[in-house]
Amino acid sequence: MTTCSAAPAATHALQDLTQRRAGVLLHITSLPGPHGLGDFGPDAYRFVDWLQAAGQRVWQWLPSTPIGPGDSPYQGVSAFAGSPWMVALEPLVQRGWLVSPALPAGGFCAERVDYGRVLPWREARLRDAFAGFRAQAGAADRAAHDAFCAAEAGWLDDYALFMAIRSPRGGQPWWEWPAPLARREPAALAAARREHAEETAFWRFVQWCFAEQVAALKAYAKARGVALMGDLPIFVAHDSADCWSRPDLYHLDGQFRTTVVAGVPPDDLGPLGQRWGNPLYRWDRMADEGYAWWTARVRRALVSADIFRIDHFRGFAEYYEIPGDSPDARQGRWLPGPGRALFAAIEAELGRLPIVAEDLGYITPDVHALRNACGFPGMKILQFGFGAQADHEFLPHTWTPACVAYTGTHDNDTVRGWWQHAGVRERAFAGSYLACGEHDVHWAMIRACCNSVAAMAVFPLQDVLGLPSEHRMNIPGVLGGNWSWRFTWPMVSDEITRVLGLITAASGRGPFELLRLP
């Protein structure tokens, strides 16, 4: 699989990871909006304006690829496609392809995403827009659409066909499809393309809409000095277009089932470990191809974002291999990953990479060595710093500039929730270190991250707003109820905007004028 997306020819200012700045972590689906979940519509632009007003120069979001089981953005059906559900409907109305949609009875919840109710409704609206495009699009739009489809054919054709075959089968995994389709026999693929020509055209159209909208938002943010920071999971889902189109790049048996899967071993937090179930790469075969698949994937990521975080970076140094038939992660072994050779190959094609390495969890010296050899900053989570002694690596006085400081991430409790559930010792240590209490611990942590030497400081919007545990984005290991949180604009007061701007400006991360000194 290859792609012809145009990546930036050289690192620009927004991609400079040594630049001192601050930002906010908010997934796109958490934005307000009338259509059931956040998207690239008017509220995304309003959020960029708010970031600029508050002195923020980075907007970090979670993977913008299609969601998978449990509505997770980390288990999508494609590592290259954009999420269809992030396509805003307003631009489609403005172009005359869609009548302004009437909401279902009762509308949609403003505080939570009800995926089971929202996604079918949005898909129906996208199909209406596709029909409108077919009937009314002008020559310029048709030419732009056709050019996108031709340029991205290396991944787009397989993705569109995968979706077209999969949809009428109720999500049946591809290795259970009729054998000729699962094996990708040329005659079966040709017949499927003929049978599903209209459906594949629909999925191509949706991807073009996604590309057009994210490019417009990226340009708008760039003009206001705001970098977009994406997220790249290390692994792909087994039931994905990526695995179906190139099964030779994964550890699969003759029936295309996983022989070994990804995860992490047991630790203090889990006696069974974590069995993620993702297929593991055949790194030897990827190396034989000069890591072309990974280069194409990174090139594609850089079309939608200026910077991106790579999840589970330690897997590139060593990865944990679990037998495919093991129900948990107690049986497994560590094996060497591709190491520096992978990133050297990508850099040879794309230049210096604006990557933040997620180096959390069980980290060994070889992971730090790889991160440093690549020149990638790691991550520091301030919430983690108060469970031991004063020399803990997650306390700000131990940090170096080559890191990104976080109050917490999408996998953590909110700061207010953390305080409420922390032990007496942790709260006493945090209160002494940060000079705070329950009422202002979120501002104290934001201030500590901003005042640190870390080149970048990022805060989940929930922490900026001082929200409790029920507003967290994800609880790892818990199925259901995750990934659904949304904010509403009344939560974002002028005072919150002012205080965030003051902290950011005083720490040298935002425009000094925000201090409004006499």
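Four strands come together here as an open sheet, lined up in the order S5-S4-S7-S8, and the pairing is antiparallel. Strand S5 (274-279) and S8 sit at the edges with a single partner strand each, so one side of each has no neighbour in the sheet. Neighbouring strands of this sheet are turned by 50 degrees against each other on average, direction ignored. Keep in mind that this is a predicted model.

Let's look at how S7 pairs up. Here are two of its pairings:

| Strand | Partner strand | Sense | Bridges |
|---|---|---|---|
| S4 (residues 260-264) | S7 (residues 318-323) | antiparallel | 4 bridges |
| S7 | S8 (residues 333-336) | antiparallel | 4 bridges |

On the S8 side, Glu318 is bridged to Pro336. In general, strands of a sheet pair through backbone hydrogen bonds, either parallel or antiparallel.

Now for the nonpolar core. The largest one has 170 residues, and the ones with the most contacts inside it are Phe47, Trp50, Trp59 and Trp294. Helix H8 (residues 197-223) gives the most to this core, with 12 residues.

What does Trp294 touch, leaving out residues up to four places away in sequence? Its contacts include Leu232, Pro233 and Ile234, along with Tyr281, Trp283 and Met286. Phe316, Leu342 and Ile346 are on the list as well.

Conventions
Residues are numbered from 1 along each chain as its sequence is written. This is a predicted model: local features need pLDDT of at least 70, side-chain atom pairs count only at pLDDT 80 or more; totals for chains, interfaces and linings use all residues. Side-chain values use heavy atoms; hydrogens and water are left out. A nonpolar core is a set of buried Ala, Val, Leu, Ile, Met, Phe, Trp, Tyr and Cys residues joined through side-chain atoms within 4.5 Å. Buried means under 20% relative accessible area, exposed over 50%, partly exposed in between (1.4 Å probe, protein chains only). Helices (H or I, at least four residues) and strands (E, at least two) are DSSP runs, numbered from the N terminus. Contact means heavy atoms within 4.5 Å. Two strands pair if DSSP finds at least two bridges between them. Axes are lines fitted to C-alpha atoms, for helices over the stretch in contact, and angles run from 0 to 180 degrees between N-to-C directions.
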